[in-house]
Amino acid sequence: MDFLRWLFEAQVPVGGSVLILREVLGNIFGLAGALGGMRRKVWAWPVGMAGNILLLTVFLGNVFGSATPATLWGQAGRQIMFIAVAAYGWHRWQQSRDASGTSTAIAPRWASNRTRIVLAFALVAGTAALTPLFDSLGSYPPVWADAWTFMGSLLATYGMARGWTEFWLVWVAVDIVGVPLLFSAGYYASALMYLFYGFFTLLGFFVWWRASTVQSLGDAGKSVSAESGLPEPVVSK
């Protein structure tokens, strides 16, 4: 109980203000999970979930009496969404790794054009539908930005679980809107982390782009070998 009380009350002094320790720790766990995701490691999911639990208590500012009083229902709700989708992603990546017998959990691939259209439509339509809901709950303005980050995070996490390379670009779209929102709401640790994520997600996109290209070349080589009866080529990574 003493540890929990300390965890909920601890603050990190920065200049003339303070940061909530849970917010700092939650973002550190989130960054570690993102690094694991870029490397396609199964442990990325449970590590990220630990960060989601911490951040959930942070964004429900009024509920937990945080130093930052602004409540962001979209940010809080997406932590719950993250935990649910992460459970799916964890299971899916574990199955994929066991089936392939490799150290990486999933083979990146490009989504179909139809899937891309569905993702874009879902992002816009979901934002429009959730904005009045979050507004009625008293979310911090501009409320559409809170709804945008929620929907984008949902689609990006699901895309990561499916192994679609484009999910990194969805994260970029989330960061572009999320960084100004978090700064204006006073969540400086999360805003700075989002700013860093913006550059990190671009790096992750190119890493997965290369991996998906290598995977496509490997699949093409296997197809040719099967038709010709020749040994399969070795694709360097």
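Phenylalanine 206 is partly exposed, since its relative accessible area is 48% (buried means under 20%, exposed over 50%, and partly exposed in between, with a 1.4 Å probe and protein chains only). The model is a predicted one, in which local features need pLDDT of at least 70 and side-chain atom pairs count only at pLDDT 80 or more, whereas totals for chains, interfaces and linings use all residues. Residues are numbered from 1 along each chain as its sequence is written, and side-chain values use heavy atoms, leaving out hydrogens and water.

**Salt bridge**
- The count comes to one salt bridge (a side-chain nitrogen of Lys or Arg within 4 Å of a carboxyl oxygen of Asp or Glu), and arginine 116 and glutamate 166 form a salt bridge at 2.8 Å, N to O.
- This pair links distant parts of the chain, 50 residues apart, with arginine 116 in helix α6 (residues 113-136) and glutamate 166 in the loop between α7 (143-162) and α8 (167-185).
- Arginine 116 is partly exposed at 36% relative accessibility, whereas glutamate 166 is buried at 9%.

**Backbone geometry**
- The peptide bond from proline 141 to proline 142 is cis, with omega near -5°, and proline 142 lies in the loop between α6 and α7.
- Arginine 40, a residue other than glycine, has a positive phi near 60°, and at 18% relative accessibility arginine 40 counts as buried.

Technical notes. Helices (H or I, at least four residues) and strands (E, at least two) are DSSP runs, numbered from the N terminus.
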